[in-house]
Amino acid sequence: MTATAAARAEGRTTAPAGVSPMLRRLAEERATGALLRDRGTLYLADGQVVHAESPATPGIDVLLTTGGTLHPDGWWEAVDAAGTRQRVGRYLVESGRLTDGALELCHLGALYDAAFFALAPSGAPARFRYGAAHWFGTVHPVSVASVEAETLRRRELLHGIRPDAATDTAPLERDGGRHSPAVPPRQRAVLALVDGARTAADISHVLGRPAFHTLVDLRRLAAAGLVRAAAPRPLPPAPAVPAWAGAASADADVALLRRLRDALEAL
């Protein structure tokens with residue numbers, strides 16, 4: 001049993017440790033600004049998380065528009081009209097394009113998904129830009145303790161499905177041939193996009209789904225022997241330098257040295 005699961009079983013309510021001491025310190029300070037990590041950014045307002053983004057997962061624009069919840073024209077109109085005032089989310093509701101519930105549900109899903117990747121273990125230094133705010137605006141602030149707890153819950157879920165994380169970031173290829181046994185529709189859509197080049201993030205962007213859900217599907221497919229991480233491709237050999245190039249270089253060096261010698265002798 002993991003530490004988080006043990007605490008949950010014992011009814012303890014203390015927040016789990018080990019995600020980001022810096023994030024906790026910022027929460028205690030009730031800081032406002034952007035925490036920049038190597039796999040994503042968390043935006044805080046008064047010590048609470050109000051937005052998150054990561055290149056590993058589709059942003060809220062992709063999540064809203066790919067599935068047809070919002071037309072792309074409506075999205076860009078909102079960005080143009082309210083982006084500089086950091087009120088894009090509220091503009092979508094006030095203009096009748098989204099309901100409050102739809103906005104909050106989609107934004108929270110995107111926030112927790114991006115935070116999971118942004119808070120991935122890393123040895124790279126993090127930075128905090130005080131006062132920075134995201135142009136989407138505040139929708140539903142979430143406590144740092146909730147974000148950390150959900151991040152740890154997701155890590156445990158993935159580990160429980162398959163401890164090997166190779167399929168999370170590597171290009172993916174099918175395992176077991178093209179004729180695969182029946183899988184649920186969600187996994188079938190993911191499997192159809194495995195082509196030896198796409199990664200989990202690529203597949204998530206094509207499908208317009210939160211990337212964590214794709215990781216879950218891929219680990220289940222890998223556990224079933226249907227997907228595997230593709231072997232690293234060798235780098236192409238460096239082009240051979242023709243023999244004349246070396247000679248020309250040598251000749252140029254000699255000519256340069258002669259000109260330098262002549263110039264020094266003329267002083």
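Helices α7 and α11 run roughly parallel to each other, a label given to angles under 35 degrees, whereas over 145 is roughly antiparallel, 65 to 115 roughly perpendicular and the rest oblique. The axes of α7 (residues 144-161) and α11 come within 9 Å and cross at roughly 15 degrees. Here an axis is a line fitted to C-alpha atoms, for helices over the stretch in contact, with angles from 0 to 180 degrees between N-to-C directions. Helices (H or I, at least four residues) and strands (E, at least two) are DSSP runs numbered from the N terminus.

A word on the source: this is a predicted model, in which local features need pLDDT of at least 70 and side-chain atom pairs count only at pLDDT 80 or more, while totals for chains, interfaces and linings use all residues. Residues are numbered from 1 along each chain as its sequence is written, and side-chain values use heavy atoms, with hydrogens and water left out.

Back to the first pair. On the α7 side, the contact (heavy atoms within 4.5 Å) is made by Arg-154, Leu-157, Leu-158, His-159 and Ile-161. On the α11 side, Phe-212, Leu-215, Val-216, Arg-219, Arg-220 and Ala-223 take part. These residues divide into seven nonpolar, one polar and three charged; Ala, Val, Leu, Ile, Met, Phe, Trp, Tyr, Cys and Pro count as nonpolar, Asp, Glu, Lys and Arg as charged, and the others, Gly among them, as polar.

| Helix pair | Axes come within | Crossing angle |
|---|---|---|
| α7 and α11 | 9 Å | roughly 15 degrees |
| α9 and α11 | 10 Å | roughly 85 degrees |

Next comes α10 (residues 200-207), whose buried residues are Ala-200, Ala-201, Ile-203 and Ser-204. Seen down the axis of α10, they fall within an arc of 160 degrees, so they line one face of the helix; the arc is that of the directions from the helix axis to the C-beta atoms. Buried means under 20% relative accessible area, exposed over 50% and partly exposed in between, for a 1.4 Å probe and protein chains only. The cover over these residues includes α8 (166-169), β5 (172-174), α9 (185-192) and α11 (211-223). Just after α10, Gly-208 takes a positive phi of about 70 degrees.

In the loop between α9 and α10 sits Thr-199, which counts as buried at 15% relative accessibility. Leaving aside residues up to four places away in sequence, Thr-199 touches Thr-169, Ala-170, Pro-171 and Leu-172. Ala-229, in strand β6 (residues 227-229), is partly exposed, with a relative accessible area of 26%. Ala-229 and Thr-169 are 60 residues apart in sequence and 8.5 Å apart in space, C-alpha to C-alpha.

Arg-30 has a positive phi of about 55 degrees although it is not a glycine; Arg-30 lies in the loop between α2 (21-29) and β1 (33-37) and counts as exposed at 53% relative accessibility. Gln-86, not a glycine either, has a positive phi of about 55 degrees. Gln-86 lies in the loop between α4 (72-82) and α5 (88-94) and is partly exposed, with a relative accessible area of 38%.
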